[in-house]
Amino acid sequence: MAISYEYSIGSVRAKEKELLSKADTDAMLALSDTDSLVAYLRDKGYADGQSIDEIINNNRNETVKYISDIVPDPSVFDVFSYVNDAHNIKAIIKGMLSSVDYTKLIVEPNTVDPEDIVTAVKENKYELLPDYFSDAAKKAYEILAHTADARLSDAHIDIACMRAQLEKAKETKIEFLIEYIRTDLFYRNVKTAIRACLTGAQKNFYEDALFDGLEEFNKHKIIGEALKGIDALLDYLALKDRFRCAEAVEAYKASPARFERYCDNLLNSLAIDKCKRAGNGAEAALGFYIARQTEYRVIHIIAVGIETAADAETTRERLRELYG
(Lines give C-alpha, C1' and ligand atoms only; values in the text may rest on other atoms or scores of the structure.)
Protein backbone atom coordinates (compact mmCIF):
# COMPACT_ATOMS: atom_id res chain seq x y z
CA MET A 1 0.00 0.00 0.00
CA ALA A 2 1.34 3.43 -0.96
CA ILE A 3 2.28 5.75 1.89
CA SER A 4 0.08 8.84 2.18
CA TYR A 5 0.64 12.16 3.90
CA GLU A 6 -2.39 11.39 6.05
CA TYR A 7 -0.43 8.42 7.40
CA SER A 8 2.75 10.45 7.89
CA ILE A 9 0.90 13.20 9.76
CA GLY A 10 -0.60 10.69 12.19
CA SER A 11 2.77 9.06 12.69
CA VAL A 12 4.54 12.37 13.27
CA ARG A 13 1.97 13.58 15.79
CA ALA A 14 2.64 10.46 17.86
CA LYS A 15 6.40 10.77 17.37
CA GLU A 16 6.42 14.41 18.52
CA LYS A 17 5.93 13.16 22.07
CA GLU A 18 9.58 12.04 21.95
CA LEU A 19 10.89 15.56 21.26
CA LEU A 20 12.80 17.35 23.99
CA SER A 21 10.81 19.70 26.21
CA LYS A 22 11.59 22.64 28.47
CA ALA A 23 11.61 20.18 31.37
CA ASP A 24 14.35 18.26 29.58
CA THR A 25 16.46 21.37 29.07
CA ASP A 26 16.03 22.32 32.73
CA ALA A 27 17.16 18.84 33.75
CA MET A 28 20.15 18.91 31.42
CA LEU A 29 21.18 22.38 32.60
CA ALA A 30 21.32 21.05 36.15
CA LEU A 31 23.88 18.38 35.26
CA SER A 32 27.50 18.82 36.31
CA ASP A 33 29.41 16.82 33.70
CA THR A 34 29.03 15.54 30.15
CA ASP A 35 28.97 11.90 31.26
CA SER A 36 25.78 12.72 33.14
CA LEU A 37 24.40 14.44 30.05
CA VAL A 38 25.15 11.37 27.94
CA ALA A 39 23.48 9.16 30.55
CA TYR A 40 20.42 11.43 30.69
CA LEU A 41 19.90 11.29 26.93
CA ARG A 42 20.56 7.57 26.77
CA ASP A 43 18.16 6.84 29.65
CA LYS A 44 15.53 8.99 27.98
CA GLY A 45 15.81 6.79 24.90
CA TYR A 46 17.15 9.59 22.73
CA ALA A 47 19.77 7.28 21.21
CA ASP A 48 22.58 4.92 22.18
CA GLY A 49 26.13 6.21 22.42
CA GLN A 50 29.10 6.86 24.67
CA SER A 51 29.53 10.53 23.80
CA ILE A 52 27.38 13.53 22.90
CA ASP A 53 28.46 13.42 19.26
CA GLU A 54 27.75 9.70 19.02
CA ILE A 55 24.29 10.09 20.54
CA ILE A 56 23.43 12.98 18.23
CA ASN A 57 24.73 11.15 15.16
CA ASN A 58 22.75 8.04 16.05
CA ASN A 59 19.58 10.03 16.64
CA ARG A 60 20.13 11.86 13.34
CA ASN A 61 20.47 8.56 11.49
CA GLU A 62 17.33 7.22 13.14
CA THR A 63 15.44 10.40 12.28
CA VAL A 64 16.49 10.31 8.62
CA LYS A 65 15.43 6.66 8.34
CA TYR A 66 12.14 7.38 10.11
CA ILE A 67 11.33 10.28 7.79
CA SER A 68 12.23 8.31 4.67
CA ASP A 69 9.92 5.50 5.82
CA ILE A 70 6.83 7.61 6.51
CA VAL A 71 6.66 10.26 3.75
CA PRO A 72 5.58 9.66 0.14
CA ASP A 73 8.45 11.75 -1.27
CA PRO A 74 11.63 11.81 0.85
CA SER A 75 13.39 13.90 -1.82
CA VAL A 76 11.62 16.93 -0.34
CA PHE A 77 14.22 16.75 2.43
CA ASP A 78 17.12 17.02 -0.04
CA VAL A 79 16.84 20.77 0.41
CA PHE A 80 18.51 20.30 3.82
CA SER A 81 20.98 17.63 2.70
CA TYR A 82 22.53 19.96 0.11
CA VAL A 83 24.20 21.80 3.01
CA ASN A 84 25.94 18.56 4.00
CA ASP A 85 26.93 17.97 0.38
CA ALA A 86 28.54 21.40 0.29
CA HIS A 87 30.38 20.69 3.54
CA ASN A 88 31.66 17.38 2.19
CA ILE A 89 32.89 18.91 -1.06
CA LYS A 90 34.82 21.58 0.86
CA ALA A 91 36.27 19.04 3.30
CA ILE A 92 37.39 16.65 0.57
CA ILE A 93 38.96 19.37 -1.59
CA LYS A 94 40.90 20.79 1.36
CA GLY A 95 41.88 17.36 2.61
CA MET A 96 43.16 16.18 -0.75
CA LEU A 97 45.14 19.36 -1.40
CA SER A 98 46.74 19.31 2.04
CA SER A 99 47.12 15.51 2.31
CA VAL A 100 45.04 15.54 5.48
CA ASP A 101 42.56 12.79 6.34
CA TYR A 102 39.09 14.10 5.59
CA THR A 103 37.13 10.90 6.13
CA LYS A 104 36.08 11.74 9.69
CA LEU A 105 34.72 15.08 8.48
CA ILE A 106 32.16 13.55 6.12
CA VAL A 107 28.60 14.21 7.29
CA GLU A 108 25.23 12.65 6.54
CA PRO A 109 22.56 12.71 5.26
CA ASN A 110 23.82 13.70 1.84
CA THR A 111 22.66 13.45 -1.75
CA VAL A 112 26.13 13.21 -3.32
CA ASP A 113 28.19 10.08 -2.70
CA PRO A 114 31.47 11.22 -1.06
CA GLU A 115 33.33 8.70 -3.26
CA ASP A 116 32.03 10.54 -6.33
CA ILE A 117 33.43 13.76 -4.89
CA VAL A 118 36.81 12.11 -4.33
CA THR A 119 36.89 10.79 -7.90
CA ALA A 120 35.77 14.13 -9.31
CA VAL A 121 38.57 15.98 -7.55
CA LYS A 122 41.28 13.35 -8.03
CA GLU A 123 40.57 12.75 -11.73
CA ASN A 124 39.18 16.16 -12.70
CA LYS A 125 35.85 14.55 -13.54
CA TYR A 126 33.48 17.12 -12.07
CA GLU A 127 30.72 15.93 -14.37
CA LEU A 128 30.26 13.12 -11.85
CA LEU A 129 28.71 15.69 -9.51
CA PRO A 130 25.19 17.07 -9.90
CA ASP A 131 24.97 20.05 -12.24
CA TYR A 132 24.36 22.46 -9.39
CA PHE A 133 27.70 21.56 -7.76
CA SER A 134 30.00 20.53 -10.63
CA ASP A 135 31.19 23.94 -11.88
CA ALA A 136 31.41 25.37 -8.37
CA ALA A 137 33.48 22.44 -7.10
CA LYS A 138 35.91 22.75 -10.01
CA LYS A 139 36.25 26.50 -9.46
CA ALA A 140 36.69 26.02 -5.70
CA TYR A 141 39.48 23.49 -6.27
CA GLU A 142 41.28 25.79 -8.71
CA ILE A 143 41.07 28.75 -6.35
CA LEU A 144 42.40 26.79 -3.41
CA ALA A 145 45.13 25.10 -5.44
CA HIS A 146 46.43 28.33 -7.00
CA THR A 147 45.75 31.00 -4.38
CA ALA A 148 45.12 29.14 -1.09
CA ASP A 149 42.16 31.48 -0.56
CA ALA A 150 39.93 29.13 1.43
CA ARG A 151 37.30 31.78 2.09
CA LEU A 152 36.76 32.47 -1.61
CA SER A 153 36.93 28.78 -2.47
CA ASP A 154 34.21 28.02 0.10
CA ALA A 155 32.09 30.91 -1.18
CA HIS A 156 31.70 29.36 -4.63
CA ILE A 157 30.42 26.11 -3.14
CA ASP A 158 28.13 27.93 -0.72
CA ILE A 159 26.57 29.94 -3.55
CA ALA A 160 25.95 26.75 -5.53
CA CYS A 161 24.38 25.17 -2.46
CA MET A 162 22.05 28.13 -1.88
CA ARG A 163 20.94 28.14 -5.50
CA ALA A 164 20.21 24.41 -5.36
CA GLN A 165 18.26 24.79 -2.11
CA LEU A 166 16.10 27.59 -3.46
CA GLU A 167 15.38 25.76 -6.71
CA LYS A 168 14.51 22.56 -4.85
CA ALA A 169 12.23 24.40 -2.42
CA LYS A 170 10.38 26.02 -5.32
CA GLU A 171 10.15 22.66 -7.08
CA THR A 172 8.28 21.18 -4.09
CA LYS A 173 5.64 23.95 -4.26
CA ILE A 174 5.41 23.75 -0.45
CA GLU A 175 4.81 27.35 0.65
CA PHE A 176 6.23 26.82 4.13
CA LEU A 177 9.44 25.28 2.80
CA ILE A 178 9.91 28.07 0.26
CA GLU A 179 9.50 30.72 2.97
CA TYR A 180 11.77 28.82 5.36
CA ILE A 181 14.57 28.50 2.78
CA ARG A 182 14.21 32.12 1.65
CA THR A 183 14.52 33.29 5.25
CA ASP A 184 17.50 31.03 5.89
CA LEU A 185 19.31 32.14 2.72
CA PHE A 186 18.62 35.80 3.43
CA TYR A 187 20.30 35.63 6.82
CA ARG A 188 23.16 33.46 5.61
CA ASN A 189 23.91 36.21 3.09
CA VAL A 190 23.55 38.91 5.73
CA LYS A 191 26.04 37.06 7.94
CA THR A 192 28.48 36.80 5.04
CA ALA A 193 28.13 40.52 4.33
CA ILE A 194 28.68 41.41 7.98
CA ARG A 195 31.77 39.21 8.30
CA ALA A 196 33.21 40.61 5.07
CA CYS A 197 32.52 44.16 6.22
CA LEU A 198 34.22 43.62 9.57
CA THR A 199 37.30 42.17 7.89
CA GLY A 200 37.58 44.95 5.30
CA ALA A 201 36.84 42.79 2.27
CA GLN A 202 37.13 44.32 -1.18
CA LYS A 203 34.23 44.70 -3.59
CA ASN A 204 35.23 41.69 -5.71
CA PHE A 205 34.91 39.38 -2.70
CA TYR A 206 31.33 40.52 -2.07
CA GLU A 207 30.56 39.96 -5.75
CA ASP A 208 31.77 36.36 -5.51
CA ALA A 209 30.48 35.52 -2.02
CA LEU A 210 26.93 36.89 -1.99
CA PHE A 211 23.97 35.07 -3.52
CA ASP A 212 21.94 37.10 -6.00
CA GLY A 213 18.92 34.83 -6.26
CA LEU A 214 16.68 36.56 -3.69
CA GLU A 215 14.70 39.64 -4.62
CA GLU A 216 14.60 40.53 -0.91
CA PHE A 217 18.41 40.68 -0.89
CA ASN A 218 19.57 43.51 -3.16
CA LYS A 219 23.12 42.34 -3.66
CA HIS A 220 24.46 45.52 -5.24
CA LYS A 221 22.84 47.77 -2.64
CA ILE A 222 24.17 45.57 0.17
CA ILE A 223 27.68 45.76 -1.30
CA GLY A 224 27.49 49.53 -1.56
CA GLU A 225 26.44 49.92 2.07
CA ALA A 226 28.92 47.33 3.35
CA LEU A 227 31.81 49.15 1.67
CA LYS A 228 30.86 52.25 3.68
CA GLY A 229 31.24 50.34 6.95
CA ILE A 230 29.31 48.23 9.42
CA ASP A 231 27.11 51.09 10.68
CA ALA A 232 25.91 51.91 7.17
CA LEU A 233 25.20 48.24 6.47
CA LEU A 234 23.23 47.78 9.69
CA ASP A 235 21.29 51.01 9.16
CA TYR A 236 20.27 49.84 5.69
CA LEU A 237 19.22 46.41 6.94
CA ALA A 238 17.20 47.93 9.77
CA LEU A 239 15.00 49.69 7.20
CA LYS A 240 13.97 46.44 5.52
CA ASP A 241 10.51 45.21 6.47
CA ARG A 242 11.07 41.60 5.38
CA PHE A 243 12.15 38.74 7.64
CA ARG A 244 11.82 40.93 10.76
CA CYS A 245 15.13 42.49 9.82
CA ALA A 246 14.92 45.49 12.18
CA GLU A 247 14.61 43.14 15.17
CA ALA A 248 17.56 41.09 13.88
CA VAL A 249 19.71 44.23 13.65
CA GLU A 250 18.87 45.13 17.24
CA ALA A 251 19.85 41.63 18.28
CA TYR A 252 23.18 42.00 16.47
CA LYS A 253 23.85 45.33 18.16
CA ALA A 254 23.35 43.59 21.52
CA SER A 255 25.83 40.86 20.56
CA PRO A 256 26.69 38.64 17.59
CA ALA A 257 25.71 35.59 19.68
CA ARG A 258 22.26 37.06 20.30
CA PHE A 259 21.93 37.71 16.57
CA GLU A 260 22.73 34.06 15.78
CA ARG A 261 20.14 32.97 18.32
CA TYR A 262 17.58 35.38 16.88
CA CYS A 263 18.05 34.03 13.35
CA ASP A 264 17.72 30.42 14.52
CA ASN A 265 14.63 31.20 16.58
CA LEU A 266 13.04 33.00 13.64
CA LEU A 267 13.38 29.86 11.55
CA ASN A 268 12.10 27.72 14.42
CA SER A 269 9.09 29.98 14.85
CA LEU A 270 8.22 29.51 11.17
CA ALA A 271 8.26 25.75 11.66
CA ILE A 272 6.18 25.95 14.83
CA ASP A 273 3.62 28.28 13.25
CA LYS A 274 3.24 26.40 9.97
CA CYS A 275 3.97 22.76 10.79
CA LYS A 276 2.85 21.95 14.30
CA ARG A 277 -0.84 21.98 13.44
CA ALA A 278 -0.61 21.23 9.71
CA GLY A 279 -3.36 18.88 8.58
CA ASN A 280 -2.12 17.96 5.13
CA GLY A 281 1.01 17.66 3.02
CA ALA A 282 4.64 17.37 4.10
CA GLU A 283 4.64 20.17 6.67
CA ALA A 284 4.24 17.94 9.74
CA ALA A 285 7.24 15.79 8.78
CA LEU A 286 9.27 18.88 7.86
CA GLY A 287 8.52 20.39 11.25
CA PHE A 288 9.64 17.23 13.03
CA TYR A 289 12.89 17.11 11.04
CA ILE A 290 13.64 20.77 11.78
CA ALA A 291 12.79 20.21 15.45
CA ARG A 292 15.44 17.51 15.66
CA GLN A 293 18.09 19.77 14.12
CA THR A 294 17.29 22.40 16.76
CA GLU A 295 17.59 19.81 19.51
CA TYR A 296 21.09 18.85 18.37
CA ARG A 297 22.14 22.47 18.60
CA VAL A 298 20.61 22.82 22.07
CA ILE A 299 22.37 19.68 23.30
CA HIS A 300 25.69 20.94 21.96
CA ILE A 301 25.21 24.32 23.65
CA ILE A 302 24.46 22.65 26.99
CA ALA A 303 27.46 20.33 26.58
CA VAL A 304 29.76 23.29 25.90
CA GLY A 305 28.32 25.11 28.91
CA ILE A 306 29.10 22.12 31.11
CA GLU A 307 32.63 21.75 29.69
CA THR A 308 33.42 25.44 30.22
CA ALA A 309 31.78 25.54 33.67
CA ALA A 310 29.40 28.29 32.57
CA ASP A 311 26.54 28.99 34.95
CA ALA A 312 23.13 27.65 33.94
CA GLU A 313 21.62 31.06 33.24
CA THR A 314 24.42 32.04 30.86
CA THR A 315 23.92 28.79 28.97
CA ARG A 316 20.14 29.18 29.04
CA GLU A 317 20.43 32.57 27.30
CA ARG A 318 22.12 30.85 24.35
CA LEU A 319 19.54 28.08 23.94
CA ARG A 320 17.29 27.98 20.89
CA GLU A 321 13.51 27.77 21.06
CA LEU A 322 12.39 24.15 21.11
CA TYR A 323 9.62 22.75 18.95
CA GLY A 324 8.44 20.20 21.48
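For the class counts below I take Ala, Val, Leu, Ile, Met, Phe, Trp, Tyr, Cys and Pro as nonpolar, Asp, Glu, Lys and Arg as charged, and the others, Gly among them, as polar.

**Entry 1. Basis**

I worked from a predicted model, in which local features need pLDDT of at least 70, side-chain atom pairs count only at pLDDT 80 or more, and totals for chains, interfaces and linings use all residues. Residues are numbered from 1 along each chain as its sequence is written, and side-chain values use heavy atoms, with hydrogens and water left out.

**Entry 2. Pockets**

I looked up the pockets, a pocket being an open set of points on a 1 Å grid over the protein atoms alone, where a 1.4 Å probe fits, with protein on both sides within 12 Å along at least five of seven lines; lining residues have an atom within 4 Å of a point. A volume is the space filled by probe spheres set on the points, which are joined across faces, edges and corners.

The second largest pocket holds about 210 Å³ of space. Its lining consists of Ser255, Ala257, Arg258, Glu260, Arg261, Glu317, Arg318 and Arg320. By class I noted one nonpolar, one polar and six charged residues there.

For the largest pocket I recorded a volume of about 1600 Å³. It is lined by 47 residues, and Val83, Asn84, Asp184, Arg188 and Arg297 lie nearest its centre. Elements that give two or more residues to this lining include helix 5 (78-98), helix 9 (175-198), helix 14 (256-275) and helix 15 (283-307); helices here are DSSP runs (H or I, at least four residues), numbered from the N terminus. Helix 9 provides the largest share of the lining, nine residues. The classes in the lining of the largest pocket are 22 nonpolar, ten polar and 15 charged.

**Entry 3. Salt bridges**

I counted a salt bridge where a side-chain nitrogen of Lys or Arg lies within 4 Å of a carboxyl oxygen of Asp or Glu. The count comes to 25 salt bridges. For accessibility I used relative accessible area: buried is under 20%, exposed over 50%, and partly exposed in between (1.4 Å probe, protein chains only).

Arg297, one of the residues nearest the centre of the largest pocket, forms a salt bridge with Asp264, the closest N and O atoms being 2.9 Å apart. This pair links distant parts of the chain, with Arg297 in helix 15 and Asp264 in helix 14, 33 residues apart. Arg297 is partly exposed at 41%, whereas Asp264 is buried at 10%.

I then examined Arg242 and Glu216, whose closest N and O atoms are 3.4 Å apart in a salt bridge. Arg242 lies in the loop between helix 12 (230-238) and helix 13 (245-254) and Glu216 in the loop between helix 10 and helix 11 (219-228), so the pair ties together parts 26 residues apart in sequence. Arg242 is partly exposed at 27%; Glu216 is buried at 10%. Shared partners join Glu179, Arg182, Glu215, Glu216 and Arg242 into one network of salt bridges.

I also noted Glu123 and Lys125, whose side chains meet in a salt bridge (3.1 Å, N to O). Glu123 is partly exposed at 42%, and Lys125 is partly exposed at 36%.

**Entry 4. Thr183**

Which residue's backbone oxygen does the side chain of Thr183 reach? I found that of Glu179, at 2.8 Å. Thr183 is in helix 9 and is buried at 2% relative accessibility. Not counting residues up to four places away in sequence, Thr183 touches Phe243, Leu266, Leu267 and Leu270, contact meaning heavy atoms within 4.5 Å.

Conventions. A polar contact is a pair of N or O atoms within 3.5 Å; within protein, one must be able to donate a hydrogen and the other to accept it, and residues adjacent in sequence count only if both atoms are side-chain atoms.
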